[in-house]
Amino acid sequence: MSKFLPKLILTTALSATLAMPAFAEKLGLGRAALPEEIAAWNHDISPNGDGLPIGSGSVEDGEMIFSENCAVCHGEFAEGVDNWPKLAGGDGTLADKDPLKTVGSYWPYLSTVYDYVRRSMPFGAAQTMTDDDVYAITAYILYSNYIVEDDFVLSNENFLEVEMPNAEGFITDDRAETEYTIFTEDNACYENCKETVEITKRATVLDVTPEETTQPAAEPVADETVQVAMAEEAPAEEAPVEVAAVAFDEALAAEGEGVFKKCKACHQVGEGAKNRTGPVLNGVLGATIGHVEDFKYSNDFLDAREEGFTWTEENLTAYLHRPKAMFPRTKMSFAGLKSDDDIAAVIEYLKATTQ
């Protein structure tokens, strides 16, 4: 559904209400929209603060809420993931050939941020957050652009006090008065026009659309088994602990590679894999939780690591089914895989990365 549809319906409802007597008399259809029906669609926030709900939210709370709901696409620090939108940065780039337009560098009104987040985010679960949560997310986005300090609390009372860096970077659109009247049938230029029109660039070429890429499947082990990595090295004075080989189903792993596409916005596997919003998952099966040293894990993961929690097939199955049921404070905002078959397949695919 288009993000403009609510305003379109609201406008239609308002127009129909104003014109209802004549319209109904002419066609005998419809009725005037009730005030509560109009109010249900009337969510817009104006630059002067009209429409702002009563509430507040801090940068501190916004960081956690943003991590849980927004970071999967926009990054933990609003830096963007792959080609998903960057919400921070770009200061001083508007005059460049390829400017970075973010909330901090480009947006003139803070009301647009609040309005859009409340109306359309988080992706796939729009309008599920409280007004206070939206205030907190907006505050965190401001903080990510160095517009406010880390102890800032945004509310409907101080909303208009926030100064957006590019607030003066726009002009009034007066083309209807200054330009449109020039281009008429009488004075329009129809000389030296191109004989044909052709497409010269496409969005994928311009690198503005995220693309799905597939990782090459790992080479199967000759005896169709893989060895599970030890979570920790055994102390020198103890005998090495033998770990049983885990059967590997190559066909099931191939299915799991397809399921893993749901995970690729945050995680990479295979040769050359790098941390994204989530850590690299190479060797995760059988490893101690939080085993990637250069990734910043949630406190839930760090506590579990201290307790020696390992990613057995059983634990990984439960986590992939409902991540927040196992670790409520996990940074992973993914709701989980509904199908037991999909979970089994993606775990089989991850076995192929276990070294």
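Author: Helices (H or I, at least four residues) and strands (E, at least two) are DSSP runs, numbered from the N terminus. The structure discussed here is a predicted model.

Reader: With those terms in place, in which loop is Pro-122 found?
Author: As background, most residues other than glycine have a negative phi, and most peptide bonds are trans. The bond from Met-121 to Pro-122 is cis, with an omega near -5°. The place of this proline in the chain is the loop between H5 and H6.

Reader: How many helices and strands make up the secondary structure of the protein, and what percentage of its 355 residues is buried?
Author: The secondary structure of the protein comes to 12 helices and 4 strands. Among its contacts between residues at least 6 apart in sequence, 56% join residues at least 24 apart. Of the 355 residues in the protein, the buried share is 35%.

Reader: Ala-78 has a positive phi although it is not a glycine; is Ala-78 buried or exposed?
Author: Ala-78 sits in the loop between helix H4 (71-74) and H5, where its phi is near 65°. The cut-off for burial is a relative accessible area under 20%. Ala-78 is at 0%, and therefore it counts as buried.

Reader: Which element gives the most residues to the largest nonpolar core?
Author: This core has 30 residues, of which Phe-66, Leu-110, Ile-137, Phe-152 and Leu-154 touch the most other members. The elements that give two or more residues to it are helix H3 (59-69), helix H5 (110-120) and helix H6 (131-144). With 8 residues, the one that gives the most is H6.

Reader: Leaving aside its neighbours within four places in sequence, which residues is Phe-66 in contact with?
Author: Phe-66 is one of the core members that touch the most others, and it also belongs to the contact that H3 makes with H6. Leaving aside neighbours within four places in sequence, its contacts are Ala-71, His-74, Gly-75, Glu-76, Ala-78, Leu-87, Ile-137, Tyr-140 and Ile-141.

Reader: At roughly what angle do the axes of H3 and H6 cross?
Author: The residues that make the contact include Val-59, Ile-65 and Phe-66 of H3 and Ala-136, Ile-137 and Tyr-140 of H6. By class, the contact of H3 with H6 has 9 nonpolar, 1 polar and 3 charged residues. The two helices are roughly perpendicular, since their axes come within 7 Å and cross at roughly 95°.

Reader: How many of the 11 residues of H5 are buried?
Author: The buried residues of H5 include Leu-110, Val-113, Tyr-114 and Val-117, together with Asp-115, Arg-118 and Arg-119, which carry charged side chains. H5 is largely enclosed by the rest of the structure, because the number of its 11 residues that are buried is 9.

Reader: How far apart are the ring centres of Tyr-114 and Tyr-135?
Author: Tyr-114 and Tyr-135 are both buried. Because Tyr-114 lies in helix H5 and Tyr-135 in helix H6, the pair ties together parts that are 21 residues apart in sequence. The planes of the two rings stand at 55°, so the pair is tilted, and the centres are apart by 4.6 Å.

Reader: At roughly what angle do the axes of helix H8 (residues 250-259) and helix H12 (residues 340-351) cross?
Author: Leu-252 and Val-259 of H8 are among the residues making the contact, as are Val-346 and Tyr-349 of H12. The contact residues divide into 7 nonpolar, 1 polar and 4 charged. H8 and H12 are roughly perpendicular to each other, and their axes, which come within 7 Å, cross at roughly 105°.

Reader: How many residues apart in the chain are Phe-260 and Tyr-349?
Author: Phe-260 and Tyr-349 are both buried, and their rings, with centres 5.4 Å apart and planes at 55°, form a tilted pair. Phe-260 lies in the loop between H8 and helix H9 (299-306) and Tyr-349 in helix H12, a separation in the chain of 89 residues.

Notes
Residues numbered from 1 in each chain as written. Predicted model: local features only at pLDDT ≥ 70, side-chain atom pairs only at ≥ 80, totals over all residues. Heavy atoms only, no water. Axes fitted to C-alpha atoms, helices over the stretch in contact; angles between N-to-C directions. Parallel < 35°, antiparallel > 145°, perpendicular 65-115°, else oblique. Contact = heavy atoms within 4.5 Å. Core = buried A, V, L, I, M, F, W, Y, C linked by side-chain atoms within 4.5 Å. Buried < 20%, exposed > 50% of the residue type's maximum accessible area, 1.4 Å probe, protein only. Phe/Tyr/Trp six-rings, centres within 6.5 Å; stacked < 30°, edge-to-face > 60°.
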